[in-house]
Amino acid sequence: MVNASWDRVIRTTIGLRPHRPSGFVLKADKLDAKTIIHNFGHGGAGMSLSWGTASMATTLAVDHLERRAAVLGSGVVGLTSARELQRHGFDVTIYAATVPPDTTSNMSLAGFTPTSGLVDFKSRTPEWEAQFRHAVQIAYQRLQLLIGPKYGVTWIVNYAPTDNAQAAGGSNVLLPESVQGSRTLLQPGEHPFPTRYAIERPEMRIEPNIYLDALTNDFLNWGGRVVIRKFETPRDIIALNEPLVVNCTGLGSKDLFGDPELVPLKGQLTVLVPQPEITYGTSGGISISTPEPGLGIHMMPRSDGIILGGTSQRDVWTMDVDEKERQRVVEGHIALFNAMRNPART
């Protein structure tokens with residue numbers, strides 16, 4: 001049982017995720033004499049999709065005659081892009097203002113959630129959907145090959161408490177059938193949650209701090225170099241020695257490349273003292289007070305703590321902690337796990 005209480009809170013973190021209403025950008029372009037491949041705008045799905053879009057970005061790069069490449073950004077999209085380029089014979093340098101553990105990717109929840117904060121459904125196109133599904137299938141397979149302690153990727157069970165028996169039958173129209181996974185509706189008496197039902201499904205968990213450090217070490221062990229540098233204008237990029245550039249600057253592409261669509265989705269996580277015995281995650285909660293404390297909350301157990309999330313604020317640029325949101329998320333989890341201990345109270 002998760003010990004959810006305010007005296008067990010050890011930190012609250014903020015991450016500004018790069019969201020584009022029409023979805024991520026994955027395309028090749030020219031910048032003076034350089035070839036530049038854009039790979040940004042993944043919303044909250046960067047940890048999930050990065051191997052897929054990195055592989056597709058590398059496909060755009062392999063016909064380039066020279067095998068020297070610059071990758072802009074050292075979050076998960078930049079690191080996976082750099083590794084894919086290395087695997088195809090490129091000599092790669094990463095240029096980044098910050099490196100792990102000081103990237104937005106380090107502030108992820110992070111499960112395999114490839115549609116999280118990714119696209120506004122009314123804005124998507126058939127061409128983008130096909131690109132997205134291809135990226136999902138690649139990423140889903142690649143992440144499975146990284147299961148184990150080195151990369152901090154594991155399978156766990158996720159439970160979604162619910163009073164709606166129809167909820168287990170839902171599916172995401174964007175996801176390929178092979179990635180939907182199984183969903184089991186647990187009946188009353190088959191689960192410990194203070195709701196009539198619970199939806200059980202397998203979920204891949206990624207521990208960002210382990211995962212990003214491992215990717216960085218792989219990159220360096222393959223002869224990669226990291227240069228700490230911030231780019232202010234495209235002119236700075238033109239001055240680089242590498243003829244091929246892969247842009248993985250995320251939200252930074254708004255100013256650097258003038259992308260008018262890019263806005264942040266502010267995420268906020270509150271972390272409790274680790275509990276190694278907790279091997280399951282939860283999505284949602286219960287409604288036992290006003291406002292409903294369980295709306296849109298998530299718990300993910302990791303070695304660095306019990307991660308409580310559920311905040312996604314569009315076009316909010318501040319890195320300050322939103323105390324109202326923190327109260328909602330923490331109190332929602334306290335209510336859920338207290339009710340599990342005392343089911344008569346619900």
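Let's start with helix H1, residues 46-61, where 14 of the 16 residues are buried. Buried here means under 20% relative accessible area, while exposed means over 50% and partly exposed is in between, using a 1.4 Å probe and protein chains only. Helices are DSSP runs of H or I with at least four residues, strands are runs of E with at least two, and both are numbered from the N terminus. H1 also has a kink of about 30 degrees, centred on Gly-52. The bend at a residue is the angle between two fitted axes, one for the seven residues ending there and one for the seven starting there.

A quick word on what we are looking at. This is a predicted model, so local features need pLDDT of at least 70 and side-chain atom pairs count only at pLDDT 80 or more, while totals for chains, interfaces and linings use all residues. Residues are numbered from 1 along each chain as its sequence is written, and side-chain values use heavy atoms, with hydrogens and water left out.

Now come along to strand S4, residues 68-72. Here 4 of the 5 residues are buried. Which strands does S4 pair with? It pairs with S5, residues 91-96, in the parallel sense over 5 bridges, and with S10, residues 244-247, in the parallel sense over 4 bridges. For us, two strands pair if DSSP finds at least two bridges between them. If you want to find these pairings on the screen, look for Arg-68, whose bridge partner in S5 is Asp-91. Then look for Ala-70, which stands opposite Val-245 in S10.

S4 and S5 also belong to a β-α-β unit, together with helix H2, residues 76-87, and that unit is right-handed. To check the hand yourself, point the strands away from you: the crossover is right-handed if the path from the first strand over the helix to the second runs clockwise.

Next, strand S11, residues 263-272. How many of its residues are buried? The count is 10 of 10. In a regular strand the side chains alternate between the two faces of the sheet. You can follow that in S11: Val-263, Leu-265, Gly-267, Leu-269 and Val-271 point one way, and Pro-264, Lys-266, Gln-268, Thr-270 and Leu-272 point the other way.

S11 has several partners. With S1 it pairs in the antiparallel sense over 10 bridges, and Val-9 stands opposite Leu-272 there. With S14 the pairing is also antiparallel, over 3 bridges, and Leu-272 stands opposite Ile-306. With S15, residues 313-314, the pairing is antiparallel over 2 bridges, and Lys-266 has Gln-313 as its bridge partner.

While we are on S1, let me point out Gly-15, which lies in that strand. Gly-15 is buried, because its relative accessible area is 7%. Gly-15 and Gly-44 are 29 residues apart in sequence, and their C-alpha atoms are 9.7 Å apart in space.

On to charges. Side chains of opposite charge can pair when their charged atoms come close. Our rule for a salt bridge is a side-chain nitrogen of Lys or Arg within 4 Å of a carboxyl oxygen of Asp or Glu. By this rule there are 15 salt bridges, and I'll show you three of them.

Arg-11 lies in S1 and Asp-304 in the loop between S13 and S14, so the pair ties together parts that are 293 residues apart in sequence. Arg-11 counts as partly exposed because its relative accessibility is 31%.

Then we have Glu-261 with Arg-20, where the closest N and O atoms are 3.1 Å apart. Glu-261 is in the loop between H7 and S11, Arg-20 is in the loop between S1 and S2, and they are 241 residues apart.

My last pair is Arg-142 with Glu-84, with the closest N and O atoms 2.9 Å apart. Arg-142 sits in helix H3 and Glu-84 in H2, 58 residues apart. Glu-84 is buried, with a relative accessible area of 1%. Salt bridges that share partners also join Arg-11, Arg-302 and Asp-304 into one network.
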